[in-house]
Amino acid sequence: MAAEMLYEGKAKKVFATDQPELVRVYYKDDATAFNGQKRGQIEGKGAINNQMSNLLFQYLAEHGVPTHFVEQVSERETIVRKVDILPLEVVVRNVAAGSFSKRLGVVEGTVLPRPLVEFYYKNDELGDPLLTDDQALVLGLASQEDLAELRTRALEVNRLLQERFAACGLALIDFKIEFGRLPSGEIVLADEISPDTCRLWDKDTHQKLDKDRFRQDLGGVEDAYQEVWRRMKGGLSA
C-alpha cells in the first residue's frame, strides 16, 4: 500500500510514515521562480538538493543548531521530524543581490556592513511580502520571543554556513531558511539548504552557481548545481 502523500509543494512531496512523528520528504527536479510564474526542470536538482541539505543539516546540528533531519533513505528521499512550519521565511543577506538590490537601489555585489535579517510572510497569494517585526506580531504570525529566537538562530546559521561554503571556494551572498515547531514547542530548522535557497558565487570569479542561473536565463543551470555539490562533497575549493 502506497504511503499517503500529505503535501506537495513546488520542490518537494511529503509522505506519511508508520511513525506519526516522522514524515518522508521526496525532492523533485521541478524548478520555479518569481512565485511560480516561471516554471521548468533542472535535471538532477532533487538529488543534489536532498543530499546537500542533509549534509548541511548534520553540520549545523554538530555545531548546536537543532534541525528536523533524521536520516537520508535515498538520493532523493529523507526522513525528517514532523513540524508545524512557521509562516515566516527568514532571509539573511551578506551581499546586495536580488530583490534587495531592486527594492533599495543597492548595486548587486555590494558587501553589506553586517548581515541583514529579513522576515517574509509565507503566503503565495500575496507573493510572500516583506514584513516588519510589528506587522508579524499584529498578524499573529509569531511572538516577540519567536522573532528574537529566529533572528538569533538565523545569524548563527549564517556564520556557520559562511565558514562551510568558504572552505569550498564559495561566497554565501544570501539565503532563505524556514523553521518549524515540534509538538514539544521547540523551534527547529526545517525545509532545505541548497542552490535553490542560497545565492552562491565563486569566491574568486563571482560566477553565479545557484538558481539565479535559472531565474535570469544564464544557462548552465545543471552544471552549476553539480559544481556546488562536487565542491561540498570534497570540501575543497576548485
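Q: Is K28 buried or exposed?
A: In this predicted model, K28 is buried, with a relative accessible area of 8%.

Q: And which residue does the side chain of K28 meet in a salt bridge?
A: The partner is D30, and the N to O distance in that salt bridge is 3.5 Å. D30 counts as partly exposed at 26% relative accessibility, whereas K28 is buried.

Q: How many salt bridges are there by this rule?
A: The count comes to 26 salt bridges. One of them joins K10 to D124, where the closest N and O atoms are 3.6 Å apart.

Q: Where do K10 and D124 sit in the chain?
A: They link distant parts of the chain, being 114 residues apart: K10 lies in the loop between β1 (5–8) and β2 (12–16), while D124 lies in the loop between β9 (111–121) and β10 (130–131). K10 is partly exposed, with a relative accessible area of 32%, and D124 counts as exposed because its relative accessibility is 53%, over the 50% cut-off.

Q: How do β1 and β2 pair?
A: They pair in the antiparallel sense over three bridges, and a hairpin of three residues joins β1 to β2. As for a specific bridge, E8 has K13 in β2 as its partner.

Q: Back to salt bridges: which side chain does D196 meet?
A: The side chain of D196 meets that of K45 in a salt bridge, with 2.7 Å from N to O. This pair also links distant parts of the chain, since D196 is in the loop between β12 (187–190) and β13 (198–202) and K45 is in helix α1, 151 residues apart.

Q: Are D196 and K45 buried or exposed?
A: Both D196 and K45 are buried.

Q: What about the helix that holds K45, does its end-to-end span agree or disagree with what 1.5 Å a residue should give?
A: It agrees: helix α1 (residues 45–62) has 18 residues that should span 26 Å at 1.5 Å a residue, and its end C-alpha atoms are 26 Å apart.

Q: How many of the residues of α1 are buried, and what follows the helix?
A: The helix is mostly covered, with 14 of its 18 residues buried. After α1 comes G64, whose phi is positive, near 90°.

Q: What span does α4 reach?
A: Helix α4 (residues 144–166) has 23 residues and reaches 33 Å from its first C-alpha to its last, which is close to the 33 Å expected at 1.5 Å a residue.

Q: Which residues in α4 are buried?
A: The buried residues of α4 include D146, L147, L150, R153, A154, V157, N158 and L160, and also L161, R164 and F165.

Q: Which residues are linked in a network of salt bridges?
A: The network links R93, R103, E118, D174, R199, D212 and R215.

Q: Which of those does the side chain of Y120 join in polar contacts?
A: The side chain of Y120 has a polar contact of 3.2 Å with that of R93, and another of 2.6 Å with that of E118.

Q: Where is Y120 found, and is Y120 buried or exposed?
A: Y120 is found in strand β9, and at 9% relative accessibility Y120 counts as buried.

Q: What else does Y120 touch?
A: Not counting residues up to four places away in sequence, Y120 touches P87, L88, E89, V91, R93, S99, R103, D128, P129, L130 and L131. F175 is 55 residues from Y120 along the chain, and their C-alpha atoms are separated by 12 Å.

Q: Changing topic, where is E77, and which residues is E77 in contact with?
A: E77 is found in strand β7 (residues 77–81). Leaving aside neighbours within four places in sequence, E77 is in contact with R24, V25, Y26, N50 and Q72, and the side chains of E77 and R24 make a polar contact of 2.3 Å.

Q: Last topic: how many disulfides does the structure hold?
A: The structure holds zero disulfides.

Q: Are C168 and C198 buried or exposed?
A: C168 counts as buried at 0% relative accessibility, and C198 is buried as well, with a relative accessible area of 3%.

How values were computed: Residues numbered from 1 in each chain as written. Predicted model: local features only at pLDDT ≥ 70, side-chain atom pairs only at ≥ 80, totals over all residues. Heavy atoms only, no water. Helix = DSSP H or I, 4+ residues; strand = E, 2+ residues; numbered from the N terminus. Expected span 1.5 Å × (residues − 1). Buried < 20%, exposed > 50% of the residue type's maximum accessible area, 1.4 Å probe, protein only. Disulfide = S-S within 2.5 Å. Salt bridge = Lys/Arg side-chain N within 4 Å of Asp/Glu carboxyl O. Contact = heavy atoms within 4.5 Å. Polar contact = N/O pair within 3.5 Å; in protein donor to acceptor, adjacent residues only side chain to side chain. Pairing = 2+ DSSP bridges.
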